[in-house]
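Could you walk me through this structure, one selection at a time? I have it open in a viewer and would like to know what to click on next.

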Amino acid sequence: MAPGAPSSSPSPILAVLLFSSLVLSPAEAIVVYTDREVHGAVGSRVTLHCSFWSSEWVSDDISFTWRYQPEGGRDAISIFHYAKGQPYIDEVGTFKERIQWVGDPRWKDGSIVIHNLDYSDNGTFTCDVKNPPDIVGKTSQVTLYVFEKVPTRYGVILGAVIGGVLGVVLLLLLLFYLIRYCWLRRQAALQRRLSAMEKGKLHKPGKDTSKRGRQTPVLYAMLDHSRSTKAASEKKPKGLGESRKDKK
């Protein structure tokens with residue numbers, strides 16, 4: 001470089017600013033979610049769920065893409081695409097007449113249904129979502145296993161057994177507390193009856209004495225009245241006899 005020629009390398013200050021902007025404001029990537037694996041029986045149907053998280057509102061330009069890689073295969077082919085509010089089923093491969101769109105972008109759902117399953121459908125399905133301006137992200141994969149008869153998972157059996165045991169335990173606890181509640185209620189009723197009987201025995205003599213106290217003046221008045229009446233009746237004949245004697 002000739003002396004006095006302008007330098008083409010960025011200044012240290014500009015390099016620091018660029019580095020800090022990259023570190024302090026990283027791009028938020030879109031996140032896609034699917035099941036790890038799904039099972040289906042020959043001739044039945046299966047739903048491949050796909051959802052996503054994005055820092056942006058759901059865009060009118062949102063798109064979903066499903067790809068399929070057969071079991072043991074190396075290349076993945078596109079089997080379904082959703083864009084501009086319309087689903088598009090690729091006219092290539094064995095899924096062209098067996099795919100149904102059941103997703104709803106408003107609920108961040110890009111799920112599809114595959115009908116009339118066959119053994120040849122075994123493989124890996126990849127869901128890719130773009131929600132402009134949030135278009136950077138990692139896809140998610142779900143593996144499909146097709147059986148003649150869908151096997152019952154060990155976890156499902158274990159969960160059913162645990163659920164049954166917990167249900168029996170809860171039922172026994174409920175029965176125990178119900179019996180205990182009825183027993184306590186009966187004991188409380190008996191206690192109230194005993195208390196009422198004891199209170200009745202204590203207050204009964206008092207009531208009798210009070211009644212007797214109220215009845216005593218009445219009895220005395222009745223006795224006085226009867227005595228005065230008897231005395232008057234005894235005096236009256238004697239007076240009449242004396243008057244007859246005087247007349248004679």
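**First stop: a pair of facing residues**

Select Val31 and Trp53: Val31 stands opposite Trp53, which belongs to strand S4. Strands here are DSSP runs (E) of at least two residues, helices are runs (H or I) of at least four, and both are numbered from the N terminus. Before going further, note that this is a predicted model, in which local features need pLDDT of at least 70 and side-chain atom pairs count only at pLDDT 80 or more, while totals for chains, interfaces and linings use all residues. Residues are numbered from 1 along each chain as its sequence is written, and side-chain values use heavy atoms, with hydrogens and water left out.

**The sheet around S1**

Now widen the selection to strand S1, residues 30–33. S1 and S4 pair in the antiparallel sense over 3 bridges; two strands pair if DSSP finds at least two bridges between them. S1 also pairs with S11, here in the parallel sense and over 2 bridges. On that side, look for Ile30, which stands opposite Gly137 in S11.

Put together, the 3 strands form an open sheet with mixed pairing, in the order S4-S1-S11. S4 and S11 are at its edges with a single partner strand each, so one side of each has no neighbour in the sheet.

**The disulfide**

Next, select Cys50 and Cys127. They form a disulfide, with their sulfur atoms 2.0 Å apart; the cut-off for such a pair of cysteine sulfur atoms is within 2.5 Å. The structure holds 1 disulfide. Cys50 lies in the loop between strand S3 (46–48) and strand S4 (51–53), and Cys127 lies in strand S10, so the link ties together parts that are 77 residues apart in sequence. Turn the view along the S-S bond: the angle about it is -80°, which makes the link left-handed. Both Cys50 and Cys127 are buried. For another cysteine, click on Cys182, which is partly exposed at 44% relative accessible area.

**Backbone details**

Most residues other than glycine have a negative phi, and most peptide bonds are trans. Go to Lys84, in the loop between strand S6 (77–83) and strand S7 (86–89). Lys84 is not a glycine, yet its phi is positive, about 55°. Is Lys84 buried or exposed? It is exposed, with a relative accessible area of 63%.

Lys108 also has a positive phi of about 55° without being a glycine. You will find Lys108 in the loop between strand S8 (99–101) and strand S9 (112–114), partly exposed at 26% relative accessibility.

Then move to Pro132 and Pro133, joined by a cis peptide bond with an omega of about 5°. Pro133 is in the loop between strand S10 (123–130) and strand S11 (137–138).

**Zooming out**

Finally, show the whole protein chain, which has 2 helices and 12 strands. Of its 248 residues, 19% count as buried. The chain exposes about 19300 Å², and carbon and sulfur atoms supply 61% of that; the area comes from the Shrake-Rupley method with a 1.4 Å probe, and for residues only the protein chains shown count as cover.

How values were computed. Buried < 20%, exposed > 50% of the residue type's maximum accessible area, 1.4 Å probe, protein only.
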